[in-house]
Amino acid sequence: MDQEVKIQQYVLLAKGIRGRGLTEIIAKATADPGVFGFGELMDVPSIKELQGSDLAPHFALLQLFAYGTWSDYQANATGFPALTEQQVLKLKQLTVVSLAASQKVLPYSQLQASLQIGTVRELEDFLINHCFYTGIIIAGKLDQKQACLQVHDVVGRDVRPEQLPELVQRMANWIAAGDELLRAIEVRVAYATATSDAARQHREELEARVEDVKRAIKAEARSAEGIGGLEDATLLDLMDEDRIGGMGAVGLGLGGLEGPGPSGSGTRGERAPGRPKRKYDS
């Protein structure tokens, strides 16, 4: 069951009871393994009335479990009702919570002295079984080589009224640091946005220039193709004229050979001297 639900049950019971009946509620709440905060129970009017009565030690016991440690109990054991075994275990658990809230690395020697545990083996068994497994220490580890407990996260405890101004100041400092960090992040974001816009504009300009160059190259290529085609056509025309002229010259030469001889009579002329005689020459 959730701690908040449990403490609310004890608060409701306390509101309906006065006097000695409240001592039993205090005893059950302080021994409950799932309850680690008692501020709401101490605020119940009927509980507060115990301070000025013969039942004041029970109210002092409730305050001890809200703010104190095992050492505080040992220093004034006669001022409190006798503790049960469950209450002793609970108070030692809360002692570990208080130590872990003030420092994140707890030497074994310090824990042994605060909890009055004799050996390292007993201390490690206590931390494993009654702090890690029960959720007192939410995150952490035992470092046997360095002989210490490393605490990453731990449950919270009630805050004494006289500690509230210091706590408020810490929260104000934390908020101020958060605001400063937020402003720094906003500056970084603005710079990144401006840089991105400038880079995009430069890229667009570069792409436009590339397109202009491509169009210019294509235009030059088309112009070169037109000039080359005209030159090829002119060259072909000249070659055709040369070919036709050559054929005419050949035709005239043949006509001279086949024309009438020197006599002009139309008969074949004499065979030239030294020319081989053909079969059809007479």
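Thr69 sits in the loop between α5 (56-67) and α6 (70-75) of this predicted model. The residue is buried, because its relative accessible area of 16% falls under the 20% cut-off. Setting aside neighbours within four places in sequence, Thr69 is in contact with Leu64, Leu91, Thr95, Ser98 and Arg157.

**Helix packing**

Helix α7 covers residues 85-102, and helix α9 covers residues 120-132. The two pack with their axes 11 Å apart, at an angle of about 95°. That angle lies between 65 and 115 degrees, so α7 is roughly perpendicular to α9. On the α7 side, the contact is made by Leu89, Lys92, Gln93 and Val96. On the α9 side, Phe126, Leu127, His130 and Cys131 take part. By class, five residues of this contact are nonpolar, two are polar and one is charged.

**Cysteines**

Cys131, one of the α9 contact residues, is buried because its relative accessibility is 0%. Cys148 is also a residue to check. Its relative accessibility is 6%, so Cys148 counts as buried. How many disulfides does the structure hold? The number is zero. A disulfide is a covalent bond between the sulfur atoms of two cysteines.

| Residue | Relative accessibility | Class |
|---|---|---|
| Cys131 | 0% | buried |
| Cys148 | 6% | buried |
| Thr69 | 16% | buried |
| Ala147 | 33% | partly exposed |

**Loops and backbone**

Where is Gln116 placed? Gln116 is in the loop between α8 (108-115) and α9. Its phi is near 55°, a positive value in a residue other than glycine.

Ala147 is found in another setting: the loop between β2 (137-143) and β3 (148-154). Phi of Ala147 is near 55°. Here too the value is positive and the residue is not glycine. Is Ala147 buried or partly exposed? Ala147 counts as partly exposed, because its relative accessibility of 33% lies between the 20% and 50% cut-offs.

**Annotated segment**

An unreviewed UniProt entry lists residues 196-223 as "coiled-coil region". In the model, this span is 100% helix and 0% strand. The end C-alpha atoms of residues 196-223 lie 41 Å apart.

Definitions and conventions: Residues are numbered from 1 along each chain as its sequence is written. This is a predicted model: local features need pLDDT of at least 70, side-chain atom pairs count only at pLDDT 80 or more; totals for chains, interfaces and linings use all residues. Side-chain values use heavy atoms; hydrogens and water are left out. A disulfide is a pair of cysteine sulfur atoms within 2.5 Å. Buried means under 20% relative accessible area, exposed over 50%, partly exposed in between (1.4 Å probe, protein chains only). Axes are lines fitted to C-alpha atoms, for helices over the stretch in contact, and angles run from 0 to 180 degrees between N-to-C directions. Helices (H or I, at least four residues) and strands (E, at least two) are DSSP runs, numbered from the N terminus. Angles under 35 degrees count as roughly parallel, over 145 as roughly antiparallel, 65 to 115 as roughly perpendicular and the rest as oblique. Contact means heavy atoms within 4.5 Å. Ala, Val, Leu, Ile, Met, Phe, Trp, Tyr, Cys and Pro count as nonpolar, Asp, Glu, Lys and Arg as charged, and the others, Gly among them, as polar. UniProt positions are given in the numbering used here, feature names are shortened, and annotations may be inferred rather than shown by experiment.
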